[in-house]
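Please look through the following model before reading on.

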Amino acid sequence: MSKKNVIIPAHVFLKRLSEGANQAYHMTYKNPFLLAYLYYTEGMSTVEIAEMLDCEQRTIRRYMNYYGFKRFTKKFSLLVKHHGVEGALKLQAPEFYPLGVHND
């Protein structure tokens, strides 16, 4: 995996998001809205999301990269786990890992 931040061109991002919109009403890892909600709003980890959606953690990471979703660093993730997203944001500004490459 590349340690450099990957820049997704706007037209590619919009294409991928529109493809994911077809999954908007499905409980699947291919649904970008569900992934974003569970990760950023509910504060679930990629492991918890994978267990809920019955897939591997790396599948969740790959689709988060595919849709351009940045993942919290381990330090910030621990704050989210113990204080919730809102509580963690009160304690510290979010830190993210560089966006990885999605191999289509």
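Helices (H or I, at least four residues) and strands (E, at least two) are DSSP runs, numbered from the N terminus. Helix 2 is followed by Gly43, whose phi is positive, near 75 degrees. The model is predicted, so local features need pLDDT of at least 70 and side-chain atom pairs count only at pLDDT 80 or more, while totals for chains, interfaces and linings use all residues. Residues are numbered from 1 along each chain as its sequence is written, and side-chain values use heavy atoms, with hydrogens and water left out.

The protein chain has five helices and zero strands, and its pattern along the sequence reads α-α-α-α-α. Of its 104 residues, 37% count as buried; buried means under 20% relative accessible area, exposed over 50%, and partly exposed in between (1.4 Å probe, protein chains only). The accessible surface of the protein chain is about 6900 Å², and carbon and sulfur atoms hold 54% of this surface; the areas come from the Shrake-Rupley method with a 1.4 Å probe, and for residues only the protein chains shown count as cover. Contact means heavy atoms within 4.5 Å. Among the contacts in the protein chain with a separation of 6 or more, 57% are between residues 24 or more positions apart.

Helix 2 covers residues 32-41, and its buried residues include Pro32, Leu34, Leu35, Leu38 and Tyr39. They cover an arc of only 165 degrees around the axis, which puts them on the same side of helix 2; the arc is that of the directions from the helix axis to the C-beta atoms. At the start of helix 2, a side-chain oxygen of Asn31 comes to within 3.0 Å of the backbone nitrogen of Phe33.

In soluble globular proteins, nonpolar side chains tend to be buried together. A nonpolar core is here a set of buried Ala, Val, Leu, Ile, Met, Phe, Trp, Tyr and Cys residues joined through side-chain atoms within 4.5 Å. The largest such core has 21 residues, and Leu35, Ile49, Leu53 and Ile60 have the most contacts inside it. Helix 2, helix 3 (46-53), helix 4 (57-66) and helix 5 (74-91) each supply at least two residues of this core, and helix 5 gives the most, with five residues. Leaving aside neighbours within four places in sequence, Leu53 is in contact with Met27, Thr28, Tyr29, Leu34, Leu35 and Ile60.

Rings of Phe, Tyr and Trp (its six-membered ring) pair if their centres lie within 6.5 Å; planes under 30 degrees apart count as stacked, over 60 as edge-to-face and the rest as tilted. By this rule there are eleven aromatic pairs. One of them joins Tyr39 and Tyr40, edge-to-face, at 5.1 Å centre to centre with 85 degrees between the planes. Tyr39 counts as buried because its relative accessibility is 5%, whereas Tyr40, at 25%, counts as partly exposed. The pair of Tyr66 and Tyr67 is edge-to-face because the ring centres are 5.1 Å apart and the planes lie at 75 degrees. Tyr66 and Tyr67 are both buried. Ring pairs link Tyr29, Tyr39, Tyr40, Tyr63, Tyr66, Tyr67, Phe69, Phe72, Phe76 and Phe96 into a cluster.

The segment after helix 5 contains Gln92. Gln92 counts as buried because its relative accessibility is 17%. Leaving aside neighbours within four places in sequence, Gln92 is in contact with Lys75, Phe76 and Leu79.

Notes:
Polar contact = N/O pair within 3.5 Å; in protein donor to acceptor, adjacent residues only side chain to side chain.
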